[in-house]
Amino acid sequence: MTETPAQTPIVTFENVTKSFGRTKAVDGVSLAIPRNAFFALLGPSGCGKTTLLRMLGGFEHPTSGRVLIDGEDMADVPPNRRQVNMVFQSYAVFPHMTVAENVAYGLKVTSVPRAEIGPRVEEAIAMVRLDGMAARKPDQLSGGQRQRVALARALVKRPKLLLLDEPLSALDKKLREEMQLELVRLQTEVGITFIIVTHDQEEALGMASDIAVMKEGRILQIAPPRQLYEHPTRRFVAEFIGASNSFECEVLGIEGGMARVRAPLLGELKVERAAADVRAGTLIVRPEKMRMDFSSPDPDPGEVLVRAVIDQIAYFGDLSIVYLTAEDGRRLQCSRYNVNRIDKGDPPPGTPCTIGIHPEDLLLVGD
Amino acid sequence: MESWRAQPAVFWAFVLPGALWLLLFFIAPLALIWLLAFGERVGPVEIDITWTLANYAGVFDPVYIGLFGRSLWVATVATVLTLVIGLPVALAISFAPARLKPLILLLIILPFWTNILIRTYAMIAVLRSRGFVNFGLEYIWQLGTAVLAPFGLDEAVMGARFVPLELLYNNTAVIFGIVYVYLPFMVLPLYATLDRLDRSLLEASLDLGAGQVRTFFSIIVPLARPGIVSGIILVFIPALGTFLISDLLGGTDSLLIGNVIERQFKAANNWPLGAAMSFVLLYVTFAILAIRAWVAGREGGLGKA
Ligand SMILES: Nc1ncnc2c1ncn2[C@@H]1O[C@H](COP(=O)(O)OP(=O)(O)OP(=O)(O)O)[C@@H](O)[C@H]1O
Ligand SMILES: [Mg+2]
């Protein structure tokens with residue numbers, strides 16, 4: 001209690017479990033989210049992201065454990081008394097109200113002075129680029145426009161905490177990227193803490209200050225984007241965020257932050273351990289960190305070489321992904337930026353090649 | 001619909017029996033009554049269709065107009081009451097655990113298994129001066145007297161004698177009876193719309209800071225409108241034409257237009273006048289439905305009842 005308010009996390013989960021009958025949607029989660037964070041929850045479908053948000057909104061109650069917002073236990077605080085607003089996964093835009101009425105609703109039901117409502121509603125509608133649609137009913141809007149109404153309706157309340165459950169999923173790629181920038185700008189400008197749920201790892205990496213990766217109701221890792229990508233602690237995290245190549249391995253010895261391991265194809269090497277508690281597990285390496293050579297093997301010093309055959313090349317514009325089969329039948333992938341505009345001709349499937357991996361790009365992660 | 005039209009044989013096989021049924025037992029009797037309204041009595045049972053308008057003119061007798069006004073008023077009050085009672089009931093059912101819903105709905109429908117005549121007589125047994133309500137009140141009166149007697153206050157507070165409430169044979173009893181009989185017609189359509197209501201809309205309302213009461217009036221009621229309108233129509237129309245309930249539960253001053261029509265066909269043996277009255281009632285009902293359709297049409301997308 002000697003902490004100053006600025007240091008208390010805005011949100012704290014203390015060993016929270018939420019069961020629906022026999023399913024544990026959230027399983028023993030402990031979590032602190034710092035003030036003014038742009039916090040992303042990432043995980044496969046059904047892992048409990050929405051349930052976690054709904055407990056913050058006040059729509060679900062923990063089966064056990066405590067949820068605190070701004071240091072205050074939320075057990076007995078109903079949703080309408082929380083300074084928290086939510087953009088629902090299903091939008092939940094009121095069908096019988098116009099866009100402007102939807103946005104104004106949250107101000108009208110609380111004691112916001114009448115004269116203030118109009119300008120604030122207009123501002124919020126402009127913020128989500130819906131100007132000119134204020135008089136429309138939701139059934140005259142596209143899915144993406146409805147989603148933006150839901151966003152404006154929450155933003156206009158200027159809450160302490162904004163919960164966004166896949167708020168951009170219905171938008172096309174270009175509009176989504178614009179709205180992502182807009183959200184980040186808003187978040188830094190108005191200084192609200194955002195918690196955003198997303199399936200889209202690029203969205204999480206690009207926007208968030210911190211990302212939590214969930215699986216089956218548990219949080220596997222919380223880290224800033226770069227650390228999450230370069231230092232995943234678990235194989236699931238490595239494979240969920242971005243792509244990775246995995247080599248199961250035998251740990252021969254631990255030396256501080258490093259481990260001596262033996263892995264098929266790679267032989268015996270010394271690699272970094274992802275965390276202090278990782279004593280066994282899998283070696284991973286990101287596809288863009290592998291050097292690919294179609295012609296003569298011309299190794300960098302210290303590089304480990306793996307021989308493989310090209311299966312297929314997938315072209316994505318800025319980069320291509322090369323799928324390979326290694327000597328022992330293991331499937332690998334490498335990515336290459338297409339830096340030349342002129343097509344030099346991709347090698348056909350079946351072409352043998354050599355892959356170079358620097359041991360410092362390998363990481364020992366837990367299973 | 002298109003694929004049905006492509007198979008005329010199948011289409012008619014389904015439509016014909018129902019169409020014949022309607023023609024025989026609905027359209028034909030209605031047409032007969034319509035004709036009768038233009039008839040003149042020439043004997044105890046013989047009626048000549050002379051296309052006279054005297055019967056319709058007779059309907060606009062001030063006495064009948066007054067009765068008509070009272071019927072409208074009674075039906076309106078009863079309908080409002082069923083709505084006020086039915087809406088919370090329907091809401092409670094739609095929020096009940098899924099396991100209990102069929103059971104509660106069954107309880108709502110259960111009275112339909114008993115004939116309306118018997119149900120109305122049962123109301124007499126409940127409401128009359130020596131009925132269950134007054135028995136209950138008398139019991140409370142006795143308790144109160146017994147408690148207050150030691151203080152000598154019994155006569156001052158409770159009165160010397162229990163006076164039963166006059167619950168039967170007045171307009172209140174008629175309205176009570178209509179509400180009791182027609183409540184399921186209100187609850188069921190309301191439940192049907194409320195059960196389909198997207199729960200996340202209610203959560204969104206709470207999330208935006210509205211309380212339960214505000215959410216009820218700003219979100220639930222407007223979205224339940226189709227059900228509310230259906231319920232009102234289903235209760236108001238039969239309530240307007242009821243004669244059984246007012247006959248059994250009403251007093252001399254609670255005669256409704258339905259009773260008058262019934263009397264024309266029975267005691268007064270004036271079928272042409274009764275027929276004309278029936279049709280005026282029918283036209284009024286149509287007019288109300290037309291106004292409602294017009295209002296819904298003007299509101300565009302919303303009034304999809
Ligand atoms: N009201 C409920 N009753 C029963 N089970 C539920 C309920 N809500 C969620 N669950 C279960 O809890 C688990 C987590 O659900 P949740 O909605 O939190 O997933 P999610 O991570 O948001 O998934 P998605 O990405 O698909 O939205 C799922 O297995 C789901 O079936
Ligand atoms: Mg979800």
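In the predicted model, a polar side-chain atom of A:Thr50 lies 2.5 Å from an oxygen atom of ligand 1, a polar contact being a pair of N or O atoms within 3.5 Å (within protein, one must be able to donate a hydrogen and the other to accept it, and residues adjacent in sequence count only if both atoms are side-chain atoms). Polar side-chain atoms of A:Gln89 and A:His199 each lie 3.0 Å from an oxygen atom of ligand 1. The protein covers 61% of the 640 Å² of accessible area that ligand 1 has on its own (Shrake-Rupley method, 1.4 Å probe; for residues, only the protein chains shown count as cover).

The residues around ligand 1, with a heavy atom within 4 Å of it, include A:Phe20, A:Ser45, A:Lys49 and A:Glu166. Helix H1 of chain A (residues 49–57) supplies the largest share of this shell, three residues; helices (H or I, at least four residues) and strands (E, at least two) are DSSP runs numbered from the N terminus.

Chain A contains eight helices and 21 strands, and its C-alpha atoms fill a box of roughly 75 × 55 × 40 Å along the principal axes. Of the 367 residues in chain A, 51% are buried (under 20% relative accessible area, 1.4 Å probe, protein chains only).

Residues are numbered from 1 along each chain as its sequence is written, chains are lettered from A and ligands numbered from 1 in the order in which they are written. Local features need pLDDT of at least 70 and side-chain atom pairs count only at pLDDT 80 or more, whereas totals for chains, interfaces and linings use all residues; side-chain values use heavy atoms, with hydrogens and water left out.

How values were computed
Buried means under 20% relative accessible area, exposed over 50%, partly exposed in between (1.4 Å probe, protein chains only).
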